[in-house]
Amino acid sequence: MRQLPLYTLLPYPPGAHAQTLARDWLAQQLQYPADQLPLYRDARGRPRLAEPLADIDINWSHSVEKLLVVHGKNIQLGCDLEYIRPRPNALKLARRFFHPQEADWLANLSPSEQEAAFLHLWCAKEAILKAHGHGLSFGLEKLCLSPGSNGLYLKACHPDLGKAGDWQLSGFSPAPGYWAALAWREID
Ligand SMILES: CC(C)(COP(=O)(O)OP(=O)(O)OC[C@H]1O[C@@H](n2cnc3c(N)ncnc32)[C@H](O)[C@@H]1OP(=O)(O)O)[C@@H](O)C(=O)NCCC(=O)NCCS
């Protein structure tokens, strides 16, 4: 059975250890003793669960004082959390790192719309790349997002990411001052 992503936003005080906080919440969610949760990092540092929980994907993201933790069953899942701050160089950064069509979209927006759209794009791209597991070095320009009637959707991507239309995205503000994105696709 497939289970859509479930998430929580936890306080992330200075000095806290994200993995410990994530482990405790995930263990509670999955009704497993925290010290026996089979959580490990793969060769690229991506957190994963081993058997008997290997059909559950997990991810987390931290920004300033908050930690977003997600899990889902029979899906490939990634998340990103960003603190909302001014990004006066949004267009310049998009021209340098994003897909050209994304940068063209941003260029046609007002400066305030541009900053919000840049953040939404950034979070969604990072969530997809974290689900994929290769991290940002895979290339932010290798996926092209576009605004749709229900927010951003993945219009095209490098074949290593599979079919663009298989990816689902959710962008939302989980707390005042923060923006988050979840990205997932079903796996067999
Ligand atoms: C993964 C990455 C996108 C995280 O970006 P970020 O904005 O700094 O951080 P976030 O708060 O959103 O996410 C951090 C969490 O992502 C997870 N993570 C780490 N590596 C990951 C990967 N390759 N894929 C998915 N998630 C990963 C971890 O849970 C990490 O939490 P931690 O601080 O407890 O380790 C970025 O660090 C990256 O691209 N890393 C490169 C990974 C890589 O190529 N490693 C090669 C080593 S051989």
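This is a predicted model: local features need pLDDT of at least 70, side-chain atom pairs count only at pLDDT 80 or more; totals for chains, interfaces and linings use all residues.
**Entry 1: helix α3**

I started on the outward side of helix α3, where Pro 100, Asp 104 and Ala 107 are exposed, on the face turned away from the buried side. For burial I counted other C-beta atoms, placed from the backbone, within 10 Å of a residue's own: 20 or more is buried, 12 or fewer is exposed, and in between is partly exposed. Helices (H or I, at least four residues) and strands (E, at least two) are DSSP runs, numbered from the N terminus.

Residues are numbered from 1 along each chain as its sequence is written.

Which residues of α3 are buried? I found Glu 102, Ala 103 and Leu 106. They sit on the same side of α3 because they cover an arc of only 100 degrees around the axis, the arc being that of the directions from the helix axis to the C-beta atoms. An α-helix has 3.6 residues a turn, so residues three or four places apart point the same way. The buried residues of α3 pack against α2 (90–97), α4 (111–132) and β7 (143–148). Contact here means C-beta atoms, placed from the backbone, within 7 Å.

**Entry 2: the sheet β1-β5-β4**

Next I looked up an open sheet of three strands, in the order β1-β5-β4 with antiparallel pairing. Two strands pair if DSSP finds at least two bridges between them. β1 (3–11) and β4 (56–63) are at the edges with a single partner strand each, so one side of each has no neighbour in the sheet. From one strand to the next the twist averages 15 degrees. I use axes fitted as lines to C-alpha atoms (for helices over the stretch in contact), with angles from 0 to 180 degrees between N-to-C directions.

β4 pairs with β5 (residues 66–73) over eight bridges, in the antiparallel sense. I noted Ile 58 opposite His 71 in β5. Helix α1 (residues 18–29) lies across β1, β4 and β5, at about 40 degrees to β5.

**Entry 3: the sheet β6-β10-β9**

I then turned to another open, antiparallel sheet of three strands, ordered β6-β10-β9. Here β6 and β9 are the edge strands, each with a single partner, so one side of each is left without a neighbour in the sheet. Neighbouring strands are turned by 10 degrees against each other on average, direction ignored. Five bridges join β9 and β10 in the antiparallel sense, and Phe 172 stands opposite Ala 180 in β10. Helix α4 packs on this sheet, touching β6, β9 and β10, and its direction makes about 145 degrees with that of β6.

**Entry 4: two single residues**

I found Ala 175 in the loop between β9 (168–172) and β10 (178–186). Why is Ala 175 partly exposed? It has 14 other C-beta atoms within 10 Å. Leaving aside neighbours within four places in sequence, Ala 175 is in contact with Leu 9 and Lys 66.

Asp 188 is in the segment after β10, and it counts as exposed, with 3 C-beta neighbours inside 10 Å.

**Entry 5: the two domains**

Last, I checked the domain assignment, which gives domain 1 (3–80) and domain 2 (86–166); such bounds come from an automatic or database assignment. Nine residues of domain 1 are in contact with 10 residues of domain 2.

Notes: Two residues are in contact if their C-beta atoms, placed from the backbone, lie within 7 Å.
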